[in-house]
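The sequence and structure come next.

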Amino acid sequence: MESSPLISAGLPIALFIIMIGIGMTLTIRDFRQVAVYPKGLIVGTLTQILLMPLVAFALASLLAVPPAIAVGLVIIAACPGGTTSNLFVLLARGNIALSIVLTVSASLITILTLPLFTNVALQFYMGTEEDIVLPVWKTIGMLVGIVLFPVAIGMQVRSRKPEVARKAESIVSVFGGVVLALLIVALMYGARDQIWELLKQAGPATILLNAAGIFIGLLAGRMAGLTQRESLAVAVELGVKNGTIALMVTLTLLESSAMSIPAAVYGVLMFPIGFLLAMYGRRLIPKASSELSK
């Protein structure tokens, strides 16, 4: 399941534009609230970094998937949320500032934890161990270029021209929805010759992993006393993973197309499921409520 040039080149550009729009919905006060009340950050980080890989181990054993699929499932579970998760949180009217902070913090922490869980899975399922090293500076550069820099631009626009930012917010939501819809179509079309075989091999496990992430996020948020918007942000971060990192580990570092199947299938299935979560959030949280809480 290789991505087309349109996806590999167009998606980062689209995400850059979307993140500028997301920045227009934010102020310094939003990030200050995350720092002053870090419960959402703590809950989101612990569940994403530690709990999700354990869920993947449990699902792999419960469903008795082949060893290579099991390793791939643990790898995608151990990956951080991607920048696309920030867009889903925007569409769901969740806490965008918390989502961005979780994306950045989890991406940096998984530089250490992803190789650890990958090697544990390799030893447990395959009886082998690999020296997995993630590109630290490339990961940091991606975060700065696609998340932090465009968000900072958007926040500057909001502080200087609030009327422009207010008008742009609805446009960004529509544009983001269109981009995600086109991405789903492109991914499905690119995998049209093998989609059913891929779904047969890894579909049940990846669907359950995705659903478990969303359920755990919502449940952990409620148990920790988070707001609805914070709980939605945590749920999206747990359910919308950075499949690019998983594919890089499985295809480039481990050189295993079989291990890449869960990441490839997850990368397709997480979008329609994310759309459903966004629709749930929009029904749960009125627009006026999300604007007042910014």
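## Nonpolar core

A nonpolar core is a set of buried Ala, Val, Leu, Ile, Met, Phe, Trp, Tyr and Cys residues joined through side-chain atoms within 4.5 Å. Buried means under 20% relative accessible area, exposed over 50%, and partly exposed in between (1.4 Å probe, protein chains only). The largest such core here has 75 residues, and those with the most contacts inside it are Ile 22, Leu 26, Ile 100, Tyr 125 and Leu 209. Helix H6 (residues 96–126) gives the most to this core, with eleven residues.

## Basis of the model

The model is predicted: local features need pLDDT of at least 70 and side-chain atom pairs count only at pLDDT 80 or more, while totals for chains, interfaces and linings use all residues. Residues are numbered from 1 along each chain as its sequence is written, and side-chain values use heavy atoms, with hydrogens and water left out.

## Overall composition

The protein has 13 helices and zero strands. Both kinds of element are DSSP runs numbered from the N terminus (helices: H or I, at least four residues; strands: E, at least two). Of the 294 residues, 54% count as buried.

The expected span is 1.5 Å times one less than the number of residues. H6 bends by about 50° at Thr 110, where the bend is the angle between axes fitted to the seven residues ending at a residue and the seven starting there. H6 is mostly covered, with 22 of its 31 residues buried.

In helix H4 (residues 67–78), twelve residues should span 16 Å at 1.5 Å a residue, and the end C-alpha atoms are 17 Å apart, which agrees. Eleven of the twelve residues of H4 are buried, so this helix is largely enclosed by the rest of the structure. Among the buried residues are Ile 69, Val 71, Gly 72 and Leu 73.

## Loops with positive phi

Most residues other than glycine have a negative phi. Ala 64, in the loop between helix H3 (39–63) and H4, has a positive phi near 55°. At 64% relative accessibility, Ala 64 counts as exposed.

Arg 93 lies in the loop between helix H5 (83–92) and H6, and its phi is near 65°, also a positive value. Arg 93 counts as buried, at 15% relative accessibility.

Gly 23 lies in helix H1 (residues 5–23) and is buried, with a relative accessible area of 0%. Gly 23 and Gly 154 are 131 residues apart in sequence and 4.0 Å apart in space, C-alpha to C-alpha. Ile 20 is also in H1 and is buried at 18% relative accessible area. The C-alpha atoms of Ile 20 and Phe 149 are 8.3 Å apart, with the two residues 129 apart in sequence.

Phe 149 also belongs to a nonpolar surface patch of about 320 Å², made with Val 144, Leu 148 and Ile 153. Patches are made of residues with over 30% relative accessible area and no salt bridge; like charges are joined within 9 Å, and nonpolar side chains (Val, Leu, Ile, Met, Phe, Trp, Tyr) within 5 Å. A salt bridge is a side-chain nitrogen of Lys or Arg within 4 Å of a carboxyl oxygen of Asp or Glu. Accessible areas come from the Shrake-Rupley method with a 1.4 Å probe, and for residues only the protein chains shown count as cover. Leu 148 lies in helix H7 (residues 136–160) and is partly exposed, at 40% relative accessible area.
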